[in-house]
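Open the model in your viewer and keep the selection tool ready. The tour goes stop by stop.

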Amino acid sequence: MSWIHRVFAGFKDTRTGTPDIRKAWGRSFTWSPLHPTPEQQAAIRERWDTLADEALVRLNLVRENRDLYTTLKEDYQTDDVLTKLWSEANDIPEWVDWEQIERGQKCTQSLESVQPGGPGHISSVKVRLLHAAVRGRILKLREANPEYYDLETFGVPINDLDSIATILSFSASLLWMSLPRQGLFLRKQDVFATPELAKAYMEAFMFYEIKPSQASKVLSQNIISSLAGQPPSYPSADFLVATTRWLNGDELCDELGLPQASLSRRILVLAQCVFCCYIGYSSRIFPAFDARKISTIKRFLYRVIVEAKTGLGGETNFNFQYVPQLATKTEPGTVDMEKTWREMKGMAERRSAKVLLLCLVILAFMGFMGMWLFVRLLRLVG
């Protein structure tokens, strides 16, 4: 049994009386014993991947001209710490449910394999070592300048609470926030073994942890400006902002200082949701179509993201592209919202426009047929 299953089994719902309704960033939810308290979150914040930290120190002593993963793969039997890290990455726990993992892969159209020895296994080890390197770099910079990182407030960088929040951002928040706002609702078998606990932690993070700062504003605006007009889909900043506001709500986006999106782009986002609902629910009804779609999308995304010149140009080695420095300061980018309809090149926007046009044609046809049948019915009755 995994640790999260043990945690979930230890909770008992003892709610009585009036439900405790709380609100955070445009979302209301019922508080329960499953929701962690600030004290419980603080305890989780004090834990981190110490094994990866120890392994990184030892790997740096013997790596020479090799990358970290190759060094670990070739030398893990020579050191107890390296052996333990390698075993954790390769040994399969008894509680792993392969059928549930397969359903999750189909649901998320994962690009990676979770089989031991496959790309997922390699990435897991590399990410742990990358996190250890980032953690060590930040703590070293803090030694030179204590104001660089608030250790007392945020705990050791990339701690267990940070990791849980990251996983929830790419899982629970999608299931209970982003997908429902697009009209997509998953079935019970499509989600976690402990969905109630995952949902409770997501809501607790929203209630206690999401407090946008000036740095948050800079980061959110820079994400929009860096993605606008970029391959492979070439979305406009206006469309990205409209999508962001649709999925995250106006309250949070206002706090992050994002501009308002134009009405035309908001309508295109609505059309995109209609398209996603069509693809999602048709895949559920026709499994053969779903399997073919997943296979096609995997090949397409791999070509676009990894192989294409506009993509990564190959699989990443998880090296630092921008090494944290005391003198480094991120400046806010410019979000250009002035693109006209003729300047729109984004594939998603063009597709949404086509979907919108098709929907209008279908509605017009249905309206015409309805009126024609109504007139015919009146003539027959008269």
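Which side chain meets Asp53 in a salt bridge? Select Arg135: its side chain and that of Asp53 meet at 2.8 Å, N to O. A salt bridge here is a side-chain nitrogen of Lys or Arg within 4 Å of a carboxyl oxygen of Asp or Glu. Asp53 lies in helix 3 and Arg135 in helix 7, so the pair ties together parts that are 82 residues apart in sequence. Arg135 counts as buried at 2% relative accessibility, while Asp53 counts as partly exposed at 22%. (Buried is under 20% relative accessible area, exposed over 50%, partly exposed in between, with a 1.4 Å probe and protein chains only. Helices are DSSP runs of H or I with at least four residues, strands are E runs of at least two, and both are numbered from the N terminus.)

Before moving on, some ground rules. This is a predicted model, in which local features need pLDDT of at least 70 and side-chain atom pairs count only at pLDDT 80 or more, while totals for chains, interfaces and linings use all residues. Residues are numbered from 1 along each chain as its sequence is written, and side-chain values use heavy atoms, leaving out hydrogens and water.

Next, select Asp49 and Arg128. Their side chains form a salt bridge at 2.7 Å, N to O. Asp49 sits in the loop between helix 2 (38-45) and helix 3, and Arg128 in helix 7 (residues 119-144), so this pair ties together parts 79 residues apart in sequence. Both Asp49 and Arg128 are buried.

Go to helix 16 (residues 287-307). Lys293 and Asp290 both lie there, three residues apart, about one turn of the helix. Their closest N and O atoms are 3.4 Å apart, in a salt bridge. Both residues are buried.

Now try Trp25, in the loop between strand 1 (20-24) and strand 2 (27-31). Trp25 is not a glycine, yet has a positive phi of about 55 degrees. Its relative accessible area is 17%, so Trp25 is buried.

Select residues 355-375. UniProt, in an unreviewed entry, places a "transmembrane region" here and at 267-289. The span 355-375 is 100% helix, with end C-alpha atoms 30 Å apart. Find Phe365 in helix 17 (residues 347-381). Phe365 counts as exposed, at 52% relative accessibility.

Finish by coloring on pLDDT, the predictor's confidence in each residue from 0 to 100. The chain mean is 81. Helix 1 (residues 3-10) has the lowest mean, 48, and helix 3 (residues 50-62) the highest, 95. Where pLDDT is low, predicted coordinates should not be read in detail.

Note on methods: UniProt positions are given in the numbering used here, feature names are shortened, and annotations may be inferred rather than shown by experiment.
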